[in-house]
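User: I've got a model to go through and would like to talk it over. Let's take it as questions and answers.

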Amino acid sequence: MNQYFDMPSDLQHSYVGLIGLHLQEALLPVLFGLLIALPLALVCSRFSWFYAPVLWVTTVLYAIPSLAFFVVLLDYTGDSTTTVMIPLTVYSLVLLVPAIVEGTRAVSPDTVAAATAMGFGSLRRFVQVELPIAVPAIMAGLRLAAVSSISLVSVGAIIGNEGALGNLLHDGQIYHRDPLIITSVVTTAVLAIVVDGLLVLAQVLLTPWQPHGRRAARRAARAAAVDEPAAPRDAVTDAVPAALEDAVR
Amino acid sequence: MIRIESVTKRYADGTVAVDDLTLDIPDGSITVLVGPSGCGKTTTLRMINRMIEPSGGRILLDGQDLAQQPVTALRRSMGYVIQNAGLFQHRTIVDNIATVPRMLGWDRGRARERARELMDRVGLDATLAKRYPYQLSGGQQQRVGVARALAADPPVLLMDEPFSAVDPIVRKGLQAELLRIQSELGKTIVFVTHDIDEAIKLGNMIAVMRTGGHLAQYAPPDELLSAPADAFVEDFLGTDRGIRRLSFFTSAGLDVTATPIVTADADAAQIAERTLPELPYLLVTDADGKPLGWAKAEDLAPRTDAGDGASTEDGASTADLLPHGRPFVLGQDSLRDALDCAVLSPTGWAVAVDGTGKVVGVTSQETIATAIRGAHAGRATKPAEPDADAPDAADTSAAGPAQAPATDGPAPDAPDGDADAPVKAAR
Ligand SMILES: Nc1ncnc2c1ncn2[C@@H]1O[C@H](COP(=O)(O)OP(=O)(O)OP(=O)(O)O)[C@@H](O)[C@H]1O
Ligand SMILES: [Mg+2]
């Protein structure tokens, strides 16, 4: 068992510590992304012409390889978690902004008209009506963002010691300790699955007004599939190991 | 009163949705905007609560220009009901209804209490309060929509095709409910529909609009049916407007006779005495005077003569009776209902009952036709010479016991002339 969980000392973390670091580096950017995406989406919903340029900019940023991002940021933020988290925050925007904008736009025009007619101002309507009704779409975006972020953190191994489980994978390779590689890959996959499950649970709790059950799950899955951006990214859970391998090579 | 003054709406793309529309919408009654799709009904309605701003002209509410009033306060003083209800799917039914009171600063408890009160008023079961909209039928959702619009007790109610997405039976129920609520609350209601029958059923005043946002005619339903302004309106009204117009003529004063009516145990003498020369049938009633059915005089007579076997024979004869069809309530139902009963009756005679269902008399198609001619003549001359009630007087002179309310020509039509919600409710 020890061959799987004895961490090389250069990682400076226990196994549990690595998991904590990995989650922090993966999920804080998604949280920041959400905090940035919400006001952006509000502006986009008020001024619809604003959405196209926002989408264009986030997509272009998404197309920048993470390595290039890191190299640029190294000069400013050095070998730190910040260097890893900034690109991940930017990447999450390309999933979250469309999820929120499209989700709120998909609210039935009847509902929007009814709210307006009842004297909702546009901000109040966005917060109290459009956003809550868009929760399923937003959660679909959030799940993608979280899972892809968990897979991408490992890339941080390239720039030093901030790749968390990615560094474990790297060590496994350079020290020829295959069990460590397996530990890293399996742990990353399990993290992605668990986080995704928790988000699904959160959605169920947040939307008591939705018909639940298999039908709802299938609908959410379809929404998620639609929200997936055109640029191919290894965002899906079972692609995580592959992403890790690619990143390290 | 809402006064729409030479209002024009031109959208950004140049579409003229409403063109120089002038309309006075009276207080406390239902005004219906009706017309084909795209004629500018929704646009007109939404200019009243300023969801759309007019490009020309102005709209006055009780003499005040709407453009001068703060838009949110204005909207909260006007209930708004739309097709498919537009409920907030993420809120429970009570919270949907409590929306405007909550925005007006009521505390949650009071707002919810008010919401429950309104659920009762619109005929929603209290057990639905905690449900979410997806758990309700379309008809129930519409009721919630109406309750939500009424929540803050606004003086004005704007309704945009509120009942067009439900099936005809549910729609009928909702229409009746609206009339009932209106008879209790007396709101100023502006109601949009493309269904002329709905317009005639609900409207105290009807504005017929034509494509391009022009007003084709603005009149009470009765006048619309009797004197369409032009070919467009006439066409829009459909083919049977003559028959439909009869629903504005009361059956009060209709000549009914109680002669050919017997109870099940009548003897031969009674039967002979009560048989009318022009009607070979007798209406058989039970001991309470409720109608059982029609019987031929000669079929009825021998059986009731049969002495001690009478009661069993009666049972058999009741089963042999011809159905009496749906009776009409004299004085409450319209001449259209009376005529319908007569047309559907196997004997050609309609059965008139009172409010409790007891037979007050029967009447023939010919008598109803005479009453219709009389009513038409009374209507036609009314605007010009209010006292020209001769046809009505002639008509009612022969009337039976139910003639009392019809001593004066104009009296029967007075209630449904215009703007009287309770009469609408009774229709
Ligand atoms: N935002 C808009 N921009 C441009 N044209 C519009 C807009 N809204 C409506 N129109 C046009 O204005 C006209 C009137 O529209 P409106 O929605 O008032 O019709 P309506 O009578 O309510 O029709 P319906 O019975 O189909 O609901 C139509 O020709 C429509 O295409
Ligand atoms: Mg419309």
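Analyst: First a term: buried means under 20% relative accessible area, exposed means over 50%, and partly exposed is anything in between, with a 1.4 Å probe and protein chains only. Keep in mind that this is a predicted model, where local features need pLDDT of at least 70 and side-chain atom pairs count only at pLDDT 80 or more, while totals for chains, interfaces and linings use all residues. Residues are numbered from 1 along each chain as its sequence is written, chains are lettered from A and ligands numbered from 1 in the order in which they are written, and side-chain values use heavy atoms, with hydrogens and water left out.

User: Okay, is Asp62(B) buried or exposed?

Analyst: Asp62(B) sits in the loop between strand 4 and strand 5 (64-65) of chain B; helices (H or I, at least four residues) and strands (E, at least two) are DSSP runs, numbered from the N terminus. Its phi is positive, about 50°, although Asp62(B) is not a glycine. With a relative accessible area of 54%, Asp62(B) is exposed.

User: What share of the 427 residues of chain B counts as buried?

Analyst: For the overall picture, chain B has 19 helices and 16 strands. It exposes about 18,100 Å², and carbon and sulfur atoms supply 51% of that; accessible areas come from the Shrake-Rupley method with a 1.4 Å probe, and for residues only the protein chains shown count as cover. Of the 427 residues in chain B, the buried share is 49%.

User: How many salt bridges are there over all chains?

Analyst: The rule is a side-chain nitrogen of Lys or Arg within 4 Å of a carboxyl oxygen of Asp or Glu. Over all chains, the count by that rule is 19.

User: How far apart in sequence are the parts that Glu5(B) and Arg58(B) tie together?

Analyst: Glu5(B) and Arg58(B) form a salt bridge, with the closest N and O atoms 2.8 Å apart. Glu5(B) is in strand 1 (residues 2-10) of chain B and Arg58(B) in strand 4 (residues 56-61), so the parts they tie together are 53 residues apart in sequence. Glu5(B) is partly exposed at 21% relative accessibility, and Arg58(B) is partly exposed too, at 38%. The separation you asked for is 53 residues.

User: Which helix holds both Glu117(B) and Arg114(B)?

Analyst: Their side chains meet in a salt bridge at 3.0 Å, N to O. Glu117(B) is partly exposed with a relative accessible area of 46%, whereas Arg114(B) is buried at 17%. The two are 3 residues apart, about one turn of the helix, and both lie in helix 5 (residues 108-121) of chain B.

User: Which residues are linked with Arg180(B) in a network of salt bridges?

Analyst: Start with Glu184(B) and Arg180(B), whose side chains meet in a salt bridge at 2.8 Å, N to O. Both lie in helix 7 (residues 168-185) of chain B, 4 residues apart, about one turn of the helix. Glu184(B) is partly exposed at 42% relative accessible area, and Arg180(B) is partly exposed at 30%. The network links Arg180(B) with Arg121(B), Arg143(B), Glu177(B) and Glu184(B).

User: Which helix gives the most to the shell around ligand 1?

Analyst: Residues surrounding ligand 1 (a heavy atom within 4 Å) include Tyr11(B), Lys41(B), Thr42(B), Thr43(B) and Glu161(B). The shell divides into 3 nonpolar, 6 polar and 3 charged residues. The top contributor, with 3 residues, is helix 1 (residues 41-48) of chain B.

User: How much of ligand 1 does the protein bury?

Analyst: A backbone N or O atom of Gly40(B) lies 3.0 Å from an oxygen atom of ligand 1, and a nitrogen atom of ligand 1 is 3.4 Å from an N or O atom in the side chain of Tyr11(B). Taken alone, ligand 1 exposes 640 Å², of which the protein buries 61%.

User: And is Glu161(B) buried or exposed?

Analyst: Glu161(B) is in the loop between strand 7 (156-160) and helix 7 of chain B, and has a positive phi of about 45° although it is not a glycine. An N or O atom in the side chain of Glu161(B) is 3.2 Å from an oxygen atom of ligand 1. At 13% relative accessibility, Glu161(B) counts as buried.

How values were computed:
Polar contact = N/O pair within 3.5 Å; in protein donor to acceptor, adjacent residues only side chain to side chain. Nonpolar A, V, L, I, M, F, W, Y, C, P; charged D, E, K, R; others polar.
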